[in-house]
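Here is a short report on one protein structure. Please look at the sequence and the model first.

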Amino acid sequence: MSGQRLYGDPCGVARSLDVIGDRWALLVVRDLLLGPKRFNDLLDGLVGASPNVVTQRLSELTDAGVIRRRKLPAPAEVWVYELTQRGRDLEPVLLALGRWGSDAPHRSRRRVLGHDSLVLSVKASFDAGRVAGLAGHYELWIDGEAFGLSVGDGRLEATRGPAAHPDAVIRADAKTLTAVVTGQLSAQAARAAGGLAIEGPRRAASRAAALLTPGIRPAGASTARDRRTG
């Protein structure tokens with residue numbers, strides 16, 4: 001990690017920032033939370049970052065034990081970057097930052113979230129109190145890219161790639177899904193406008209719509225609070 005400017009402070013926060021405090025470092029981690037990526041795929045998601053800067057951050061994060069580079073087996077046989085366990089331990093930190101930052105002033109020219117950011121927004125807004133109504137497996141397609149969403153045991157897990165046996169399949173473009181997950185548009189309105197489609201049995205489709213819009217509970221579902229006070 002030579003060449004980096006360090007804080008020289010023994011506090012755990014400062015020591016963490018010594019590793020992930022440089023510009024783009026946390027966003028590299030963000031874009032690897034859902035699974036491995038090739039260098040060019042990472043670069044595509046980090047709009048505004050130069051190849052040299054991304055290369056430098058990858059090198060620093062590798063030296064720090066946050067990520068590693070490996071070659072996928074045949075037939076792919078391509079090199080990818082992925083998080084180590086130490087890197088995956090940053091997920092709750094990033095989700096908390098996402099929730100905190102959602103209330104900050106919007107200064108970016110970009111109005112549409114990236115695919116990884118959209119999925120992580122769904123994770124960040126997930127309410128474990130509604131798990132009884134949302135348990136299941138879902139497949140989310142954003143502009144042709146697939147993600148698997150699985151709800152159970154009070155957790156929402158998300159992975160890059162299609163789901164094995166989804167109860168419902170969600171298809172949306174990034175612009176529409178951004179409006180839905182940020183509360184600008186309801187899932188019902190998005191479906192009526194044609195920007196969002198949900199395939200599957202009615203109850204599973206209702207759960208999938210509620211998963212995308214945290215303020216909505218699927219019909220017939222009860223929360224942990226309802227069961228305590230009902």
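Which residues are buried in helix 9? They are Ala174, Thr176, Leu177, Thr178, Ala179, Val180 and Val181. Buried means under 20% relative accessible area, with a 1.4 Å probe and protein chains only. Helices (H or I, at least four residues) and strands (E, at least two) are DSSP runs, numbered from the N terminus.

This is a predicted model, in which local features need pLDDT of at least 70, side-chain atom pairs count only at pLDDT 80 or more, and totals for chains, interfaces and linings use all residues. Residues are numbered from 1 along each chain as its sequence is written, and side-chain values use heavy atoms, with hydrogens and water left out.

Helix 9 is mostly covered, with seven of its eight residues buried. Its cover includes helix 7, strand 3, strand 6, helix 10, strand 7 and helix 11. Contact here means heavy atoms within 4.5 Å. At the helix 9 start, a side-chain oxygen of Asp173 comes within 3.2 Å of the backbone nitrogen of Lys175. Just past helix 9, Gly183 has a positive phi of about 80°.

**Strand 3**

Strand 3, part of that cover, is itself mostly covered: five of its seven residues are buried. Strand 3 has pairings with strand 4 and strand 6. Two strands pair if DSSP finds at least two bridges between them.

Strands 3 and 4 form a hairpin with two residues between them. In that turn, Asp143 takes a positive phi of about 50°.

**Pockets**

A pocket is an open set of points on a 1 Å grid over the protein atoms alone, where a 1.4 Å probe fits, with protein on both sides within 12 Å along at least five of seven lines; lining residues have an atom within 4 Å of a point. The largest pocket has a volume of about 2000 Å³. Its lining has 50 residues, and Leu27, Arg30, Gly98, Leu113 and Ser117 lie nearest its centre. Helices 2, 3, 6, 7 and 9 each give two or more residues to this lining. Helix 6 gives the most, with seven.

The second largest pocket holds about 200 Å³ of space. Its lining includes Gly12, Arg15, Asp89 and Val93. Helix 1 (residues 12-20) gives the most to this lining, with five residues.

Terms used:
Points joined across faces, edges and corners; volume = space filled by probe spheres on them. Buried < 20%, exposed > 50% of the residue type's maximum accessible area, 1.4 Å probe, protein only. Polar contact = N/O pair within 3.5 Å; in protein donor to acceptor, adjacent residues only side chain to side chain.
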